[in-house]
Amino acid sequence: MAVYTDVSDEALRAFLSAYDIGALTAFRGIAEGVENSNFVLRTTGGTTGGAAGNAKGGVAGSDFILTLYERRVNPEDLPWFLGLMGYLSDHGLSCPRPVAARDGAALRVLAGRPAAITTFLPGVWPRAVTEAHCGPVGAALARLHLAGQGYDAVRPNALGPGSWPGLLDSCRRDGDSVQPGLVAELDAALAEILPAWPAPGALPRGQIHADLFPDNVFFLDGAVSGIIDFYFACTDILAYDVAICLNAWCFDAQGRFDAARSRALIAGYESVRPLGEAERAALPVLAAGAAMRFLLTRLYDWVNTPAGAMVTRKDPLDYLPRLRFHRAASAGALPGAADHGF
Ligand SMILES: Nc1ncnc2c1ncn2[C@@H]1O[C@H](COP(=O)(O)OP(=O)(O)O)[C@@H](O)[C@H]1O
Ligand SMILES: N[C@@H](CCOP(=O)(O)O)C(=O)O
């Protein structure tokens, strides 16, 4: 469920009158997604200052995405996110491009929420990940990292290691209701991960996506056709983004690590941006931290979301086998680790 805010016909008409994207011919809510309310708009097309891609040149029939920003997105961060998407799109990455209205502003207000229109990307996200997806996704991530190099504005990672103890504290009372002993296990894992975290400046940094899960990557004919959902993007360690991807793409539904997928993902990444020795050496701890980050935000939502709230909760325990795997790898306790690709 990801239409949290209803948009009346009247409010939509008034909102769209600020744009030059043609007349509305279709409008529907999108059920997928977790954070924001998303709608597909189809218009007769048109020209608009600052718009790009399919909005240019009066093309008949253009699709757009209308997003109303909800819950975890801080409105103050929106200019940074939209700026990054515009920059990456200008630098060759297939990602949603913010569409400016006639007055030049892409970030507006609709139904009492911050709102923006972006270009629609073709393709479908993979429901069943295979090894064949992992090379292209690794290469796309590396292209994102390179394309982001000239975007100078810094956005610290609000969900980085500094936030994890506080997140765990806010789950301390109810965390064990999800699984007995979970809080103690996370305490022990944090006590290992935090002191081993790479020191500031030790590894290359830049703009990272920070949520490149399969539902945020579209494929068409076996190739990546687009990357969406930049609302966790931030300035952080590039190899940490690789670690997030390893967790999201290279474990099966039972939480078992798939070494072939991992090798393909790393090889795809390195076909565009080779990892340095220090980055490669840090991957096990970065991946343990990445598992901790998603386990904690999911656990937080699980124990702090009132029953009946319009929020899609994801299972925190999906991330426990990943965390255990990487802790064992960091401790050098995994046979065949050299075969994993990192
Ligand atoms: N630019 C886009 N082009 C095509 N579809 C999109 C685009 N942006 C979002 N979508 C659709 O909306 C869904 C939810 O988007 P997402 O950004 O993941 O939402 P949320 O931020 O709420 O998690 C996607 O799975 C996709 O179907
Ligand atoms: N990818 C996160 C949840 C964020 O959801 P998204 O729909 O914005 O990608 C998780 O799996 O915990």
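A residue is called buried if 20 or more other C-beta atoms lie within 10 Å of its own, exposed if 12 or fewer, and partly exposed in between, with C-beta atoms placed from the backbone. This is a predicted model, in which local features need pLDDT of at least 70 and side-chain atom pairs count only at pLDDT 80 or more, while totals for chains, interfaces and linings use all residues. Residues are numbered from 1 along each chain as its sequence is written, and chains are lettered from A and ligands numbered from 1 in the order in which they are written.

**Stop 1: tyrosine 300.** Select tyrosine 300, which sits in helix α8; helices (H or I, at least four residues) and strands (E, at least two) are DSSP runs numbered from the N terminus. Tyrosine 300 counts as partly exposed because it has 18 C-beta neighbours inside 10 Å. Neighbours within four places in sequence aside, tyrosine 300 is in contact with Leu167, Ser170 and Cys171, contact being C-beta atoms, placed from the backbone, within 7 Å.

**Stop 2: the core.** Now select Ala239, Ala243, Cys245, Leu265 and Leu286, the residues with the most contacts inside the largest nonpolar core, which has 86 residues. Such a core is a set of buried Ala, Val, Leu, Ile, Met, Phe, Trp, Tyr and Cys residues joined through C-beta atoms within 7 Å. Helix α8 (residues 277–304) gives the most to this core, 13 residues. Cysteine 245 touches Val137, Gly138, Leu141, Leu212 and Leu265, not counting residues up to four places away in sequence.

**Stop 3: the ligands.** Select ligand 1 and the 18 residues around it, of which Glu32, Gly33, Pro96, Leu121 and Asp229 come nearest; a residue is near a molecule if its C-beta atom, placed from the backbone, lies within 6 Å of it. Domain 1 (9–119) and domain 2 (131–340) both give residues to this shell, so ligand 1 lies between them; the domain bounds come from an automatic or database assignment. Move to ligand 2, where the surrounding residues include Asp211, Asp215, Phe294 and Arg298. Ligand 2 also lies between the two domains, because both give residues to its shell.

**Last stop: the whole protein.** Zoom out to see nine helices and nine strands. The C-alpha trace spans about 60 × 45 × 35 Å along its principal axes.

How values were computed: Contact = placed C-beta atoms within 7 Å.
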